[in-house]
Amino acid sequence: MVGASTRDLDPGATLRIHSGVGGEIDKTENSLRRYVMGLGVDPALVDAAAKIPSRTFRGLSRGEIERFGIETRGVYETPWFAYHGPAGEFLLLKSVTYPTGDTGDQYRTRTVGLACSPVPSSIRFMYHQELTAKESRTPPMIRAKIGDSLIDLTTLNPQKDLVEKSFDLEPRQLQGAIETGSFEITEVFDQSMIKKPSLVARFSTLGLSANIVALESKCALKSNNPSQ
């Protein structure tokens, strides 16, 4: 259900959840949290399912379906999600889903992340967006407004069908974004190649402060112990 870019649930339908089965279930659920977040769904959906024994199920209410972002309706933003990777990496992630096209019946999810940077005393900011076939031929320029700084993001991993950009933030820039209330990403297309207006995506920093301390601590630990 959540794997589709446009998701509709019939008003008379019931959507049921339950936990998985197996010895590696904790690791699987952690990967699922990151997976569903990248699809524009609140990772809390995975936590809710984990509470239900695998041999039974629980139906979700319409309020839960809306709260988790299971159906695509207007703009939906996930909370910040702290991801502990299998190799010891620690990421803070968030996604925002926007309707696209004139009819608003198609949706696109964009993701931002914060991680430790190889540059001392910096935090790496990452931006991820999938592209349509037409957009892939002329990818947009990505500009980030972080606090009072305007930054053109450099390409992290150039690929045909997606944009991944990154930038190393100074602590004052990150704090400025937290005080401003959001990260602002503008996608600017070459109008001579593709007639598409610029799009501004905002990622709220609400709740970020509570996780930044853990990220900064992890980054300081890695800096002091390069083998980690």
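Biologist: Which residue takes a positive phi just after α5, and what is the value?

Modeller: Helices here are DSSP runs of H or I with at least four residues, strands are runs of E with at least two, and both are numbered from the N terminus. The helix in question, α5, covers residues 171-180. Just after α5 comes the residue you ask about, G181, with a positive phi of about 105°.

Biologist: What should I know about the numbering and the kind of model?

Modeller: This is a predicted model, in which local features need pLDDT of at least 70 and side-chain atom pairs count only at pLDDT 80 or more, while totals for chains, interfaces and linings use all residues. Residues are numbered from 1 along each chain as its sequence is written, and side-chain values use heavy atoms, with hydrogens and water left out.

Biologist: How many helices and strands are there, and what share of the 228 residues is buried?

Modeller: The protein has 6 helices and 13 strands. A residue is called buried under 20% relative accessible area, exposed over 50% and partly exposed in between, with a 1.4 Å probe and protein chains only. Of the 228 residues, the buried share is 43%.

Biologist: Which residues of helix α5 are buried?

Modeller: An α-helix has 3.6 residues a turn, so residues three or four places apart point the same way. In α5, the buried residues are Q173, L174, G176, A177 and I178.

Biologist: Which two cysteines form a disulfide, and how far apart are their sulfur atoms?

Modeller: A disulfide is counted when two cysteine sulfur atoms lie within 2.5 Å, and that rule gives a count of 1. The pair links distant parts of the chain, 103 residues apart, with one partner, C116, in strand β6 (residues 106-116) and the other, C219, in helix α6 (residues 209-224). Both cysteines, C116 and C219, are buried. The bond therefore joins C116 and C219, with a torsion of about -100° that makes it left-handed, and their sulfur atoms are separated by 2.2 Å.

Biologist: Which backbone oxygen lies 3.4 Å from a polar atom of the side chain of K218?

Modeller: K218 is in helix α6 and counts as partly exposed, at 25% relative accessibility. Contact means heavy atoms within 4.5 Å, and, leaving out residues up to four places away in sequence, K218 touches G88, F90 and C116. The C-alpha atoms of K218 and E89 are 8.9 Å apart, although 129 residues separate them along the chain. The oxygen at 3.4 Å from the polar side-chain atom of K218 belongs to G88.

Biologist: Is L93 buried or exposed?

Modeller: L93 sits in strand β5 (residues 90-100). Beyond the residues up to four places away in sequence, L93 touches R34, M37, P79, W80, F81, Y83, V112 and G113. L93 and R34 are 59 residues apart in sequence and 8.2 Å apart in space, C-alpha to C-alpha. With 5% relative accessibility, L93 counts as buried.

Biologist: Which side chain is joined to that of K94 by a polar contact?

Modeller: K94 is also a residue of strand β5, and with a relative accessible area of 3% K94 is buried. Its contacts, neighbours within four places in sequence set aside, include M37, E77, R110 and F203. A polar contact is a pair of N or O atoms within 3.5 Å, where within protein one must be able to donate a hydrogen and the other to accept it, and residues adjacent in sequence count only if both atoms are side-chain atoms. At 3.1 Å, the partner of the K94 side chain is that of E77.

Biologist: Is S121 buried or exposed?

Modeller: S121 is found in the loop between β6 and β7 (123-130). Although S121 is not a glycine, it has a positive phi of about 60°. Its relative accessible area is 68%, which means that S121 is exposed.

Biologist: With which side chain does the side chain of E64 make a polar contact?

Modeller: E64 lies in helix α3 (residues 62-68) and, at 15% relative accessibility, counts as buried. Apart from residues up to four places away in sequence, E64 touches R58 and G59. The polar contact, at 3.1 Å, is with the side chain of R58.
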